Amino acid sequence: MSSAPASLTCTSLSFAWPDGTTVLDGLDVAFGPGRTGLVGANGSGKSTLLKLIAGELTPSGGAVKAAGETGYLPQHITLDTALRVDEALGIAARRAALHAIEAGDAAEEHFETLGDDWDVEERALATLGELGLGHLELDRTVGELSGGEAVLLRLAALLLRRPDVLLLDEPTNNLDLYARRRLYAAVAAWSGVLVVVSHDRELLDLVDRIADLRSGTVTWYGGNYTAYEEALAVEQEAAERTVRAAEADVRRQKRELSDAQTKLARRKRYGQKMQDSKREPKIVMGARKRAAQESAGKHRILHEERLAEARDRLDEAVDAVRDDDEIRVDLPYTAVPPGRQVLTLENLETVFGARVEGILELRGPERIALVGRNGSGKTTLLRTVAGELAPVAGEARAHVPLRFLPQRLDVLDDTATVARNVARFAPEATVNRVRARLARFLFRGAKADQLAGTLSGGERFRAALAALMLAEPAPQLLLLDEPTNNLDMASVRQLTSALESYEGALLVASHDLPFLDSVGITRWLRMADGVLRETSREEIEADPAE
């Protein structure tokens, strides 16, 4: 951390949900000037911590102290479409005061409202322009903004306030590549205290330090996310060596205890033999027996204590090794022969105007990325291919069984268990078969009996993915819409490992280039100006705004 005084301090911070579930218990953490990436598994309390700092939640214990004003960008944003842009930015009163003064009204309240912010309009327009929202005029109503535009407008409002502390919770979730670049630039230029929760590698590689929230405590790592991963790999290698050494020590202590017990048994038999043969006086044999018993007791206790200590050291060593399980599942029935036709789009036009000119064919087992600006029609195209929306013209023909995983994950019945949800998609499968395959998706034992409505974001995604990939008939075309939204890094790795086992064709809409690279994309399609066209990874990286 920086040597400068901390600007944001949490002391003995505790929080529990109304049902009694503890999220934080006595957390002590301080954030100094600069950019901090807050990472941790789904359910570790990252978003809850930001809400406590922002005052959105009330702690059950402890306190939060921030030096100056705090600005907070939540994970889920809803804007009133009837608001004017200047109202959404929080500058309407100052603009009105400025216009009144310019019109000749010298009332004192106008000067009090405006303060020294005489360039409020220029700053607002400049900030909107920097974030790619230059088309939003201050006097117009917000209207129907895309999810990404709503995030950027809320961020613009925060930047105009110039808070001392800025909290960002998954800010890139609904941003296209162009908007992400704008946000990256704003983060890179931030000079105050910034704390960001994100699964976006590019964003986390802009931070100065990583705060890893795990088991209710924060561990600090200097540098960006790449440096954190490297440091973590070294730590885990050392932890695994410690586990192996501790396991060897336990085995050694068990052998020594066994050897000691064997020796003591031999002594006991020898003493009994001497007593039976009456080769020594009775008083001598009694003294020898008592001494042997005391020695045996001390010896046994010593070795048992050593074994107990060795087991404790092993438990500590095991706790230091992270349990980031990966999904490993065999899905042979999803295989598609190379070159087999899986999907044909012919002169397709969707309900919101996006179209495919001519004939576009997808063949197995291609892995295809669908990219484009927010609102360009990617989700509509996927829903049309999945049969959820009827085309306005043309047709989308699937030649193999397909499944669609939407952003909202509404394929699950929240009132049913994980096992029951999967069984709905594979009605012919036995209970044992469903449970055995769910275990490969990390839902073991009681976890399979948990209600879908009680799952964390990462668990819910994993359950939905399991339901689709284990469906019968097996899907040979899988459609995914922004699958990494709201997933922590461990869940993204689990998704990647699951897709490594999938042998069918894949069509995935995403703005997350590192994720797309990790799943082995073989073909790139871009929705631009309402038309779907072939593109390349290099073109997208060079011009994300096209």
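Axes here are lines fitted to C-alpha atoms, for helices over the stretch in contact, with angles running from 0 to 180 degrees between N-to-C directions. Helices (H or I, at least four residues) and strands (E, at least two) are DSSP runs, numbered from the N terminus.

Ground rules next. This is a predicted model, where local features need pLDDT of at least 70, side-chain atom pairs count only at pLDDT 80 or more, and totals for chains, interfaces and linings use all residues. Residues are numbered from 1 along each chain as its sequence is written, and side-chain values use heavy atoms, with hydrogens and water left out.

Take the helix pair. H14 (residues 457-469) and H15 (residues 489-501) have axes that come within 10 Å and cross at roughly 10°. H14 and H15 are therefore roughly parallel (angles under 35 degrees). What makes the contact (heavy atoms within 4.5 Å)? From H14, Gly458, Phe461, Arg462, Leu465 and Met469; from H15, Ser491, Gln494, Leu495 and Ala498.

Now the sheet. Six strands form an open sheet, ordered S14-S15-S16-S12-S17-S18, with mixed pairing (at least two DSSP bridges between two strands). S14 (402-405) and S18 (531-535) are at the edges with a single partner strand each, so one side of each has no neighbour in the sheet. Inside, S12 (residues 367-372) and S16 (residues 505-509) pair in the parallel sense over four bridges. Alanine 369 sits opposite valine 508 of S16.

Terms used
Angles under 35 degrees count as roughly parallel, over 145 as roughly antiparallel, 65 to 115 as roughly perpendicular and the rest as oblique. Contact means heavy atoms within 4.5 Å.
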